[in-house]
Amino acid sequence: MDTGKQNERFERARAALANGEYKITPLEDGVWSIINGDNTPYRVTHQTCECKDFEHNAKHGVMCKHICAIHILFPQTQGGQSKMNDTTPNPITGWTRLYHPSGAQVTLPIVYAAASNMFGQVDAYLGAGFQVNAPSLEEGEQKQEVVSVSRRESKDSTPIVAFYLAHPKTVKKFLHSYLNNQEDVQAFETATGLKLDSIPLWPAERDIDKDHKDAGTYIVPLPRPINLVWEVNPKWQTWSTEGGKSTGAIEPHKRILVRYDATGVKPVTAPLSTPVTSGDPKPAAGALVRKYQDNTSCKDDPAERVAFDAYTKANNNSPASLEALRAWYRVAGSK
Ligand SMILES: [Zn+2]
C-alpha cells in the first residue's frame, strides 16, 4: 500500500472534520452515512466506502478520506479484536461550534454519554478558553463566512451586492446589501478584494440563485473567503413573531449586513496601538497613542478617535489607514 497516498487522505479527512464539512450519521452498528462537499451520502464502514476514490484505490489498499474520517472519529480497539466479540457500543460523536480567542471558529467533538458527562466535556472546552461568541461581536451580531458574490442594481441604479455561502445546499444568497455611496463601494472593494465593476451585472430584480443556469457567469468567487458581521432584521423579527408566512404578509429580508469583518483575514503587521487591559473597560484616553498601520497618527478629532477605537475593538487591530477606517465605519455605523 502507498503510505504517501494514505497519509494525504488522512490529512484531508482531518481538515474536513475540523472544518465541519462532513455530516456524519450512524446508520447501524459499525456503519455511518457521510455527506460531504458533493452532497452525496456515502455508506461508510471502517473497511469500505461507496465513493469513486475507494472504488479505484481499494485494490492498492488505500482507504479513502471517508474511511479515514471514521477511523479518526471511532478508533477501533487495538489487537484486531473482532467486532462480533466487541460489546462496547460505538461511540457516536456530536459536535459543538466554539471560537478560539483569535476568532477562528472550530468544530469540536463531544462523545455521546450521560448528560452530565456531555456537560462536562463542553465545560472543559470553555474552561480551556474556547468562547461561545465570536470575539469582537456585539450582542445580536453574528458572523458568517461567504465565498462568492453577485451584483445587480435597484431601479435608481444603486448597486446591490449579494453574498453566498460555500455550502452546496444553500442555493439562495445569504444576504444582500445596497452600496449607497462611494464609501460603501470602497468598503466592499477593500473587504472583498474585488472591483465592483468587475462583477457582471445581473439584469434582474432579485438576486440570482446558485442553481440558476447562468450562475457561473454572474456569481463570482471571492479571491478568498471573507466574514460578514450581520444581524437579524428587526422587521423580519416582527413579521416572524406576528405569524410569518401564514399571515400572507410579504417576508422582509432576514439579515442585515452590519460590517465586513477583517479578523483573521488581514495579517497583523503592527502591534496593537491600544494596550489590551483586561478588567479596565475605559483606559485613560490621554495615555493612548492611536496610530494607523501606515504609520500616520489618528488626529485629535473626537469623531475620528471614537471611530478608531471602535475599529480597534471590533477588529483586534488598528485600521490600515484613515481611508480604511472611513470605509469600515461607513458600513459599521449605518446599521
Ligand atoms: Zn469514500
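Against which elements do the buried residues of α3 pack? In this predicted model, local features were considered at pLDDT of at least 70 and side-chain atom pairs at pLDDT 80 or more, while totals for chains, interfaces and linings use all residues. Residues are numbered from 1 along each chain as its sequence is written.

The buried residues of α3 pack against α1 (3–18), β2 (31–35), β3 (41–44) and α2 (52–57). Helices (H or I, at least four residues) and strands (E, at least two) are DSSP runs, numbered from the N terminus. A residue is buried if 20 or more other C-beta atoms lie within 10 Å of its own, exposed if 12 or fewer, and partly exposed in between, with C-beta atoms placed from the backbone. In helix α3 (residues 65–73), the buried residues are K65, H66, I67, C68, A69 and I70.

Two packed helices are described by the angle between their axes and the distance between the axes. The axes of α1 and α3 come within 8 Å and cross at roughly 65°; α1 is therefore roughly perpendicular to α3. Axes are lines fitted to C-alpha atoms, for helices over the stretch in contact, and angles run from 0 to 180 degrees between N-to-C directions. Angles under 35 degrees count as roughly parallel, over 145 as roughly antiparallel, 65 to 115 as roughly perpendicular and the rest as oblique. The crossing of the two helices, α1 and α3, is right-handed, a term that applies if the near helix is turned clockwise from the far one by less than a right angle, anticlockwise being left-handed. On the α1 side, the contact is made by R9, F10, R12, A13, R14, A16 and L17, and on the α3 side by K65, C68, A69 and I72. Two residues are in contact if their C-beta atoms, placed from the backbone, lie within 7 Å. Seven residues of the contact between α1 and α3 are nonpolar and four are charged, with no polar residue. In this division Ala, Val, Leu, Ile, Met, Phe, Trp, Tyr, Cys and Pro count as nonpolar, Asp, Glu, Lys and Arg as charged, and the others, Gly among them, as polar.

Across the chain, nine helices and 10 strands are present. Buried residues make up 23% of the 335 residues. Of the contacts with a separation of 6 or more, 56% join residues 24 or more positions apart.

The nonpolar cores were considered next. A nonpolar core is a set of buried Ala, Val, Leu, Ile, Met, Phe, Trp, Tyr and Cys residues joined through C-beta atoms within 7 Å. The largest such core holds 36 residues, of which F163, A187, L228, Y311, L325 and W328 touch the most other members. Two or more residues each are supplied by β6 (142–153), β7 (159–164), α5 (182–192), β9 (220–232), β10 (255–261), α8 (302–315) and α9 (322–333). The greatest contribution to this core, six residues, is from α9. A second, separate core has 15 residues, including A13, I34, V44 and I70.

A187 touches Y260, A327, W328, R330 and V331, residues up to four places away in sequence being excluded. V331 lies in helix α9 and is buried, with 23 other C-beta atoms within 10 Å. Leaving aside neighbours within four places in sequence, V331 is in contact with D184, A187, L257, R259 and Y260. The C-alpha atoms of V331 and R259 are 5.1 Å apart, although the two residues are 72 residues apart in sequence. R326, also found in helix α9, counts as partly exposed, with 15 C-beta neighbours inside 10 Å.

Several loop positions were also examined. E138, in the loop between α4 (115–127) and β6, is partly exposed, with 13 other C-beta atoms within 10 Å. E138 and V229 are 91 residues apart in sequence, and their C-alpha atoms are 9.6 Å apart. Most residues other than glycine have a negative phi. S157, in the loop between β6 and β7, has a positive phi near 70° and counts as exposed, with 6 C-beta neighbours inside 10 Å. A positive phi, near 80°, is also found at N295, which lies in the loop between β10 and α8. With 8 C-beta neighbours inside 10 Å, N295 counts as exposed.
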